[in-house]
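Here is a short briefing for a first look at this structure. Keep the sequence and the 3D view side by side as you read.

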Amino acid sequence: MDDVEFIRLNENNINSIPDIINIDDKDILKKDIKEFIINNDNYCFIGIIENEVIAFLYGYGLLRPDGKSMFYIHSVDVISRCQNKGIGTKLMEYVLKYIRNEKKYYNFFILTEDTNIRACKVYKKYADKKEQVLFSEKL
Ligand SMILES: CC(C)(COP(=O)(O)OP(=O)(O)OC[C@H]1O[C@@H](n2cnc3c(N)ncnc32)[C@H](O)[C@@H]1OP(=O)(O)O)[C@@H](O)C(=O)NCCC(=O)NCCS
């Protein structure tokens with residue numbers, strides 16, 4: 001899988017993607033991405049092979065008043081037939097290099113389940129596991 005191209009979506013290249021990106025059971029709408037990326041602290045990256053979007057990642061900067069802003073990777077997906085071929089690893093590598101070059105963020109974080117072995121394997125290459133407890137509730 002050497003032929004994957006990764007790009008950050010922005011107002012100049014967004015029109016080159018299809019109206020709907022389908023990653024297995026998820027449909028991601030171009031119109032939603034367009035609105036999301038208006039905010040410069042919101043980021044969407046795609047992986048493309050032969051004009052087909054085969055990976056999608058989005059995240060955002062969480063700004064702190066002391067300048068120690070953090071980057072949160074909210075979602076990473078590679079379509080199932082392309083999984084376990086190194087694409088998730090390369091996507092993370094690309095995104096983290098991109099984010100580091102921005103010099104806006106102090107650290108990054110990402111959440112996943114302990115049971116998601118593949119995701120844990122990939123994320124461990126770039127970050128240490130922290131023993132924290134997440135509390136959440138619907139609003
Ligand atoms: C998680 C995900 C993004 C990873 O991307 P990927 O392209 O499949 O991952 P890679 O091929 O780069 O790496 C997978 C790693 O897991 C390892 N792995 C796969 N199955 C494994 C298993 N059963 N036991 C141990 N290791 C395993 C691979 O060997 C590889 O590690 P290596 O690079 O050290 O050899 C992708 O699998 C995915 O989209 N999954 C479904 C959605 C999801 O769970 N997203 C994450 C939510 S937080």
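Arg100 counts as exposed, because 12 C-beta neighbours lie inside 10 Å and a residue with 12 or fewer is classed that way. Arg100 sits in helix 2. Val76 is 24 residues away from Arg100 in sequence, and the two C-alpha atoms are 18 Å apart in space. All of this comes from a predicted model.

**Overall layout**

- The protein chain holds three helices and seven strands.
- Read from the N terminus, the order of elements is β-β-β-α-β-β-β-α-β-α.
- The radius of gyration of the protein chain is 15 Å, close to the 14 Å from the globule rule for 139 residues, so the chain is as compact as a globular protein of that length.
- The C-alpha trace spans about 40 × 35 × 35 Å along its principal axes.
- Of the 139 residues in the protein chain, 19% are buried.

- Five strands build an open sheet in the order 1-4-5-6-7. The pairing in this sheet is mixed.
- Strand 1 (5-8) and strand 7 (107-110) are at the edges. Each has a single partner strand, so one side of each has no neighbour in the sheet.
- From one strand to the next, the twist averages 25 degrees.
- Strand 4 (residues 42-49) pairs with strand 5 (residues 52-62) in the antiparallel sense, over eight bridges.
- Within that pair, Tyr43 has Gly59 of strand 5 as its bridge partner.
- Strand 5 also pairs with strand 6. This pairing is antiparallel too, with eight bridges.
- Here Tyr58 stands opposite Ser75 of strand 6.

**The turn between strand 4 and strand 5**

- Strand 4 and strand 5 form a hairpin, and two residues lie between them.
- Which residues of this loop have a positive phi without being glycine? Glu50 is one, with phi near 45 degrees. Asn51 is another, at about 65 degrees.
- Glu50 is placed in the loop between strand 4 and strand 5, and Asn51 lies in that loop as well.
- Is Glu50 buried or exposed? Glu50 counts as exposed, because it has 8 C-beta neighbours inside 10 Å.
- Asn51 is exposed, with 9 other C-beta atoms within 10 Å.

**A second hairpin**

- Strand 2 (residues 20-23) and strand 3 (residues 26-29) run antiparallel and are joined by four bridges.
- Asn22 has Asp27 of strand 3 as its bridge partner.
- Two residues separate the strands of this hairpin. Asp24 takes a positive phi near 55 degrees there.

**The nonpolar core**

- The largest nonpolar core contains 23 residues.
- Phe45, Ile46, Ala55, Phe56, Leu57, Ile87 and Leu91 have the most contacts inside this core.
- Strand 4, strand 5, strand 6, helix 2 and helix 3 each give two or more residues to the core.
- Which element gives the largest share of this core? Strand 5 does, with five residues.

**Around the ligand**

- The ligand is surrounded by 17 residues. The closest are Gln83, Gly88, Thr89, Thr112 and Lys121.
- Two or more shell residues come from each of strand 6 (70-78), helix 2 (87-102) and helix 3 (117-124).
- Helix 3 provides the largest share of the shell, five residues.
- By class, the shell has six nonpolar, seven polar and four charged residues.

**Elements to look at again**

- Exposed Arg100 belongs to helix 2.

Definitions and conventions. Residues numbered from 1 in each chain as written. Predicted model: local features only at pLDDT ≥ 70, side-chain atom pairs only at ≥ 80, totals over all residues. Pairing = 2+ DSSP bridges. Axes fitted to C-alpha atoms, helices over the stretch in contact; angles between N-to-C directions. Near = placed C-beta within 6 Å. Nonpolar A, V, L, I, M, F, W, Y, C, P; charged D, E, K, R; others polar. Core = buried A, V, L, I, M, F, W, Y, C linked by C-beta atoms within 7 Å. Buried ≥ 20, exposed ≤ 12 C-beta atoms within 10 Å, placed from the backbone. Rg over C-alpha atoms; globule rule 2.2 N^0.38 Å.
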